[in-house]
Amino acid sequence: MKTGKPTINDVARLAEVSKKTVSRVINNSPLLSEKTRERVQAVIEEIGFVPSLQARALALSRNWIIAVIHDNPNAQFLVNVQHGILQELADTEYGLMVQPVDRTSANLHENIRAFLERHRPYGLVLLPPISEDDGVAAICEEFGCNYIRMGSVKLGPAEHTISSNDREAVREAVSYLISKGHTRIGLIEGPKGFTSPRERRAGFEEALTAARLDLDPDLVRTGHYTFESGVEAGQSLVDLPQPPTAIFASNDEMAIGAIIAARRSGMLIPEDLSVVGFDDTPLSSHVWPTLTTVRWPIVDMASMAARKLIHPEDKQAMKKWLLRSELIERDSVIPPRKF
């Protein structure tokens, strides 16, 4: 160390390995034994070697960026995803980039290919519904860019996916409403083209079937995962000649919108109408009455996605693909009035 500043050559000499092996340790390559990795890492820490980010980027033809690719109208969802990823990136050299795309564009694949060519991210987190596009995953494979697909169902091998159990969680939530005595239950489902609305509707229907209740198509409305669409759908349901005694909304924003619509119509919550949401956003515990909802572990899912990207040597994380949602009972559900 003639200059007094440790180099990769110093690490290789002291650890008695090649420069290529040191580079693999620095870049978290899985192509090493744990014994070798630990020996090289010990030398790095002992002599205080600090790898050059520029050199590492050139070696891998990648920038130290984890990019999130999305086309999702739910702002809170995006905030939660960013929070989870940044938790994992804290105290690392990695940065976060959020890139919106238009899933309806005929040039979607070309645009994503151009993004990868231009920015050369270290890895991608693909959010629904973009994550459901096998063509996007194929483009990532083509570029040799690691990726994680987040969704409501398993979208590929465990090392490339992290998902929740939406169908099972909604079945539990609607069964809870039924156990309280509700049989006329409205559904505000999410937008077409997403897997999550299909999974959540399937859970809704399964709960009804298990209780030997028929799905009344007059009690189903489609929203867009936005507060405004929840108000509109909720108003349409409470204006029916025989309104539902309970509503399940496919996310919290629409559930709170339905509550506002019901109150505008002079209804009391939960005395006249019980409401259940999905997400467990911060607002769900701040509104009154507090909202019974399904806690979607989106922050933990995003954190796990980032961990898989930057720590491929973590075998336990690489095998884990399912994080379970759970019902959170609050004040927006009681038994229906008896007349």
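This is a predicted model: local features need pLDDT of at least 70, side-chain atom pairs count only at pLDDT 80 or more; totals for chains, interfaces and linings use all residues.
Two strands count as paired if DSSP finds at least two bridges between them.

Let's start with strand β3, residues 123-126. Strand β3 is joined by 4 bridges to strand β4, residues 146-151, and the two run parallel. One place to look is Val 125, whose bridge partner in β4 is Ile 148. Strand β3 also pairs with strand β1, residues 65-70, again in the parallel sense and over 4 bridges. Here you can look for Ile 66, whose bridge partner in β3 is Gly 123.

How does the chain get from β3 to β4? Together with helix α7, residues 134-143, these two strands make a right-handed β-α-β unit.

Now look at the side each residue of β3 points to. Gly 123 and Val 125 point one way, while Leu 124 and Leu 126 point the other way. Buried or exposed? All of these residues are buried.

Leaving aside residues up to four places away in sequence, Met 150 touches Val 81 and Val 125, and its other contacts include Leu 126, Leu 155 and Ile 162. Met 150 also touches Ile 298, Met 301, Ala 302 and Ala 305.

Next, find helix α2, residues 19-26. Its buried residues are Thr 21, Val 22, Val 25 and Ile 26. Why do they line one face of the helix? Seen down the axis of α2, these buried residues fall within an arc of 140°, so they share one face.

Along its principal axes, the C-alpha trace spans about 90 × 40 × 30 Å. Of the 339 residues, 52% are buried. The chain exposes about 16000 Å², and carbon and sulfur atoms supply 51% of that area. Among contacts between residues at least 6 apart in sequence, 71% join residues at least 24 apart.

How values were computed
Residues are numbered from 1 along each chain as its sequence is written. Side-chain values use heavy atoms; hydrogens and water are left out. Buried means under 20% relative accessible area, exposed over 50%, partly exposed in between (1.4 Å probe, protein chains only). The arc is that of the directions from the helix axis to the C-beta atoms. A crossover is right-handed if, with the strands pointing away from the viewer, the path from the first strand over the helix to the second runs clockwise. Contact means heavy atoms within 4.5 Å. Accessible areas come from the Shrake-Rupley method with a 1.4 Å probe; for residues, only the protein chains shown count as cover.
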